[in-house]
Amino acid sequence: MCSFCGMSAAPRTPQRRKGRAARKQAPTGNSPQSALVPPGGETGCSPSLRALRGARWGREREKKGAGDAEGALFAVWSVRSWREGGTLEAVRWRGKVEGGRLPTAWRRGRRGQRPRRGSSVSRTPGLGRAEAAAGAGGDRGRRRTAPEGTASKSGARMWKVMRRVSVDLLESSSLCNKQVYFRKTKMRVVSVTQQNCSLRNYSAPPGDVKSLRSVINPDISRIRNIGIMAHIDAGKTTTTERMLYYSGYIRTLGDVDDGDTVTDFMVQERERGITIQSAAVTFDWKDYRINLIDTPGHVDFTVEVERCLRVLDGAVAVFDASAGVEAQTLTVWRQADKHQIPRICFLNKMDKSRASFTYAVESIKQKLKTKPLLLQLPIGEAKTFRGLVDIVTKEKIIWKPTSDLDDGKNFERKLLLEADDPNLFQEVQDARNTLIEQVADLDDEFAELVLGEHSENFDLISAEKLQSAIRRVTLAHKAVPVLCGSALKNKGVQPLLDAITMYLPAPNERSYEFLQWYKDDLCALAFKVLHDKCRGPLVFVRVYSGSLKPQSAVYNINKSCTERMSRLLLPFADQHIEIPSLMPGNIALTVGLKQSATGDTIVSSKASAVAAARRAGRDAREKKRSASDVDSLLLAGVEVPDPVFFCTIEPPSMAKQQDLDNALSCLQREDPSLKVKIDPDTGQTILCGMGELHIEIIHDRIKREYGIETYLGPLQIAYRETILSAAQVTDILDKTVGDKRHFVTAELEVRPRSGDRATTKPIIDYAESVIGELPKELQGAIENGIMNSCIQGPLLGFPVQDIDVTVQSLTVHPDTSHTMVSACVSRCMQKALKKAGIQILEPVMNLEITVSEDHLSAALSDLAQRRGSIQEIQSRQDNRVVVAAVPLAEMMGYSTVLRSLTSGSATFTLELASYQALNSQEQSALLQRRMGLV
């Protein structure tokens, strides 16, 4: 029985009886050792109750007259933290303690147990991480100081303080090595200490961290919805972390390598040091509200970037200054072009060796086919980088660390004078004149100002007028501003935030044609879904017009259903704050939408959707636009590419099959690029993804989040099939079911289609003799039969692409059902495909390898063995960039081989280019492997 809480102890096993016998021989009474070790052999209560029991024991010791630290100490319980390498101390103090060192016996007597969830030595309940106010540097500073208050009514003057103390494990491994000086106090201290070998210390004074509830809700003109996009490892997450730190919403600077950044909160992200899923954060900067989304840079998660850019108004493209434009940079840039998003370029990693501002700007100009506007010049490069010069204002910004706290908050900004540095002054002067000429060529209003008032002296042009002209040029997509800095070294992020508010558009500055149809009614787009174990599905929405409020009903146009939204949440990565309403132009999370998925349009009611469709139809007739265009504008969605990898996935037992199906259903709703299907021959579940890493992440999430130990089959390539020639086939279905005779005669013609863009959806035409007599209700049955035949080809069961189908004739008995019509057309289609001859198509990838000159020949010879076609070899500083086209089937396990060939120095990226036909030899070998003959 516990001596304090009364809970029963564990059953008396032989080992427990042996322990009780040993304790009988331990010192008792008032011996020194017994005075130092509190009772704690029982195992019936939680660490929090054991701490209280220790407090009672300490009070009794104090009444017996113990006069120094041993008698005044209530309890010290050390438990292992749930964070790796941390120690959590729960301490209660009371009484007269002039000073003294905690004895060694106390350190020997502590218990090494993990606190239960919800116990008092666990995290303080009710405090969000984003609202925290104190803590250790390794814990990202999101711990909160509890309020102070008096708590004693006795005659003695006493007070109670609850706080958190940070202890550096590099100096002391526990709280026991500290000197204590408390008089007439009763204190409870909870300390979280994170072991961290890095010497960085970005701790800030208490009270500086803002609460998410303090985020301003300004006018729509002072809202910025932006995204951070770049190639993998360019510094997107690090830049986002610095933005949150300088805006005051986190206490300490996290690091991707340490796995403690705000936006990389998934376990898989922290283990691999990459961004896997986009994370949204909301903060304010100089009276502007910024809704920021940190997007992934890996090619396997391109859909995450696509669906985020769909709802953003502006973007920051981050570049590695030593590499310039890289493979994935081109992809995300094209996606931003498709959605017509204004951009700012940030040349990151200016402190990196081989960083070159000139090379990076030139690569932007040549590869992205855009006009860069240089707004800053770096002061030094690589190791000598220490600041930058604002070309618009001609101000020099130098970061000078004060003492050991080099967090980038302290910098000096002053006007650049010719006496300070004549060479730098002349360089800035020339750059400003060039900038003015560039902007004048692109903006007529600014050109009139330059040619009229200030044609003689460009120095007389004010910074405000130049900034206004740069903003107009940026919003018109005529050029992109270029800034520089080093996010890891905390330089250049504050000017980047100023540029975001200055040059990127507000929501009301973007033109959306569909807004005129909704007027002031609600129009929102669901662009992302997350699953929370307690709240259920959380749907990210962007509000374009109208407003959202909790406990309101909304209508989903795509699903044709009405849903009730229970709550609205403001996102801060994995932390959320409830808000009373959501105004136009903002992004938030909704709770309670069970059916909504990525790309769904949400309006206030069905009547509102009908009214908007009526206005859109009227506008379409006036402008002579087809109805399909109206539908595409009303139901704006996200294009999802077809997967290129697939494998089987099986549960550990049939009892877990339903749990696996539920998990895959939730993951499919979260990730539109994940496809799940059932093999019709074997009944196995097939998992289809965008790459090896994508499928690996899905497998890991099923294990961690849903607790299912699944088994994956070998990765396979998603081939496709097409036809070699035209063919025409007739098929007859004559079947009697019950007293009804079903009779169908169908004649189809198939032809190969040549086009730039491959598609698995066939183009269906009808002969003139058929289209005149064909009832409308039979047209759907015919198209359904043709589509089903193209899902699985006749040779290997892969989708059939690039074909045209013509229905030459169709005869249907009056009593024939539509199902029989579809069956006849599908059977006829299969015969036509076999007669036309089937060709297997394999996915060919664009490969880009960055390798040093020493290992170039080894990489090229390996590509030749993989049926690779070398397209170009570029120079990038001291390295070579090999651009090639390689079949995906030859790239399995390529990362391990490339590391071995280049001693781990080379990197590569893969992106799907097209599907190309296999030669006869390769096709025969593939058929034999699929049939198990090889």
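**View 1. Helices H12 and H13 pack against each other in this predicted model.** Helix H12 (residues 444–452) and helix H13 (residues 463–475) lie with their axes 9 Å apart and at an angle of about 150°, where axes are lines fitted to C-alpha atoms, for helices over the stretch in contact, and angles run from 0 to 180 degrees between N-to-C directions. H12 and H13 are therefore roughly antiparallel, a term used for angles over 145 degrees. Glu445, Phe446 and Leu449 of H12 make the contact with Lys465, Leu466, Ala469 and Arg472 of H13, contact meaning heavy atoms within 4.5 Å. Of the residues in this contact, 4 are nonpolar, none is polar and 3 are charged (Ala, Val, Leu, Ile, Met, Phe, Trp, Tyr, Cys and Pro count as nonpolar, Asp, Glu, Lys and Arg as charged, and the others, Gly among them, as polar). Helices (H or I, at least four residues) and strands (E, at least two) are DSSP runs, numbered from the N terminus.

**View 2. A salt bridge joins arginine 272 and glutamate 696.** The N to O distance between these side chains is 2.9 Å, and a salt bridge is a side-chain nitrogen of Lys or Arg within 4 Å of a carboxyl oxygen of Asp or Glu. Because arginine 272 lies in helix H7 (residues 267–272) and glutamate 696 in helix H19 (residues 692–706), the pair ties together parts that are 424 residues apart in sequence. Arginine 272 is partly exposed, with a relative accessible area of 29%, and glutamate 696 is also partly exposed, at 41%; buried means under 20% relative accessible area, exposed over 50%, and partly exposed in between (1.4 Å probe, protein chains only).

**View 3. Aspartate 731 and arginine 827 form a salt bridge between a strand and a helix.** Their closest N and O atoms are 2.9 Å apart, and the pair links distant parts of the chain, with aspartate 731 in strand S30 (residues 727–737) and arginine 827 in helix H22 (residues 818–836), 96 residues apart. Aspartate 731 is buried, with a relative accessible area of 3%, whereas arginine 827 is partly exposed at 38%.

**Notes on all views.** Residues are numbered from 1 along each chain as its sequence is written, and side-chain values use heavy atoms, with hydrogens and water left out. Because this is a predicted model, local features need pLDDT of at least 70 and side-chain atom pairs count only at pLDDT 80 or more, while totals for chains, interfaces and linings use all residues.

Technical notes
Parallel < 35°, antiparallel > 145°, perpendicular 65-115°, else oblique.
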